[in-house]
Amino acid sequence: MAKSQIGCLVPLKSTLDVDTSLPKLPLTEGANSVGRETLSVTDKRISRNHLTLSVSRDGASANLSVDGTNPVVVKSGGRREKLSRGQSVLIKNGDVIELIPGHHFYKYLPAAGEKRACNGSGDETISKKIRRCGEAQSYNIELRSCENGNSEEAIRDFRVHEDKLPLTFRLLRVKGLPPWANTSSVSIGDVIQGDIQVAILSNYMVDMDWLLSACPTLSKVPNVLVIHGEGEGTVEQMKRSKPANWILHKPPLPISYGTHHSKAMLLVYPKGVRIIVHTANLIYVDWNNKTQGLWMQDFPWKDEKIANRGCGFESDLVDYLSALKWPELTANIPSLGNLKINPWFFKKFDYSDAQVRLIGSVPGYHTGANLKKWGHMKLRTVLQECTFDKEFKSSPLVYQFSSLGSLDEKWMTELATSMSSGVSEDKKPLGLGVPQIIWPTVEDVRCSLEGYAAGNAVPSPLKNVEPILWVFCSRAMPHIKTFARYSGQKLAWFLLTSSNLSKAAWGALQKNNSQLMIRSYELGVLFLPSQATRHHHGFSCTSHKVSSESSSSSYSPTKTELVTLAWQETSNSTSSPSEVIQLPVPYELPPRPYSKEDVPWSWDRKYSKKDVYGQVWPRSVQLYASQD
């Protein structure tokens, strides 16, 4: 006699909505084999006997055992557990199974819940819908997957030794995510610490009340300069909230519609200086709820022997700081006495060990030698000096950002030309790369940790988004801005920056390409294999530990490679030794194309489908702690 059905596996979309295009899989008491044939799927990564579900008599639970060669992920409550062949776990009502990590989602339901959910009738309560949408977000924030299906949790294994931090960047810690999703992440208190004598904080938006509460160390710093891009109303609030010794400065904006958008910190210590370049505004939501990136490196004071020696990083930094035209201040540094703090002050530090190049933008009409100093022309100039592996010939570009300007084909070609610069080992140009655009969908925003409120930080209207037919979808809800050239999981170069995709940020060539017009201040760090060196000294302004790599004499020159966290070493790797540097790229490569159901987010449309908080769009959002 045939056994009666006691539960089912419900197919889900990647958003964890019920996928009505696929049949559910009925389950009976005892052992149920689940695999490629029983599920009617053609993915050969799923074995014929992929897993076994041994369902209890009442269907309330089932023991899941992995039989196939590929791992399975089970999400139960707030935890996600990866299981390999031979491992097992007990699952219960509502638990989600990923037959391949990041792919083929199924929910386990006992017979009691089958009538409501297995047929996709949609009679869930609002609270269940919100909870389900919130569960989907745990798959979307700071995760990625690649074609082999085994690396969407690569962030879990991202560990960086303190000496190696300048070789890569880190993601900011996000509240509401499980600990494994915040591996090697960083908070504002992790970088602003120690015996700081001078702090220069550069940003667009500054919430003074939040900043002082989040980082009380700053209230003890004797000299603080805040370089900002705020309007008059907010500046008045900042003046009322700031400590008396703090100085506020808004850089000149000579061209209309420009902003001071750079996000950086310069912290001067008795031992040296800490340079931080990041992507977050100095407001609560940017440091707690969004995907952001941060790079940091400490540099010692120069000794007398190299007092007049400079390098590319030093020139980049001092040139950029000079354009800000901040009011000079005087600081008393222990053992050094009174020093004038101006852009040229930062020539006193030894940047010869810098692991990145700075790519800045400053407003103006740049001609002559200044044509190649800023924006995409600076990036073009640096890349033209680089030699890349032949695998990057004609390889694609990726643009990921949080605001999209009004663009045209001519300028997009201009930008792509700069980002495609460089030669291969045979000294021939790499060739023009095809840009792939990463932009969130409406569902990404609706199901984010902030719900529709996150849409305020993705400010692009429909007229800018709609004409772009080559949009690619992000599985994250980012405020981070990144640009790169890649092949598989290898990166020719990678740029972490404040620049969005706009002429105002990158500049536009004029007058037969003899002039570059830029409206805004921007700053980013460019990671290059040739820039990353094994003789990094691991100097720290705040640590008394002696670096394990304090001397470069014991290291021979070696090839370096930049890779994503999804990269896996293969047996056919080149025979020559190489230093592999992993960057926590917070989206998958190659990007996933939009499906027919995906709608690109635009903030000037109305959305009536409720988000995780039961809200619709548009809605008002509090960004500052002092707002009512």
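Trainee: Why does phenylalanine 346 count as buried?

Mentor: Its relative accessibility is 0%, and buried means under 20% relative accessible area (exposed is over 50%, partly exposed in between, with a 1.4 Å probe and protein chains only), so phenylalanine 346 counts as buried. Keep in mind that this is a predicted model, where local features need pLDDT of at least 70 and side-chain atom pairs count only at pLDDT 80 or more, while totals for chains, interfaces and linings use all residues. Residues are numbered from 1 along each chain as its sequence is written, and side-chain values use heavy atoms, with hydrogens and water left out.

Trainee: What makes tryptophan 326 and phenylalanine 346 an edge-to-face pair?

Mentor: Their centres are 6.5 Å apart, with 85° between the planes. Rings of Phe, Tyr and Trp (its six-membered ring) pair if the centres lie within 6.5 Å; planes under 30 degrees apart are stacked, over 60 edge-to-face, the rest tilted. So this pair is edge-to-face.

Trainee: Then why is the pair of phenylalanine 346 and phenylalanine 349 called tilted?

Mentor: The planes are 35° apart, at 6.2 Å centre to centre, so the pair is neither stacked nor edge-to-face. Phenylalanine 349 is also buried, with a relative accessible area of 0%.
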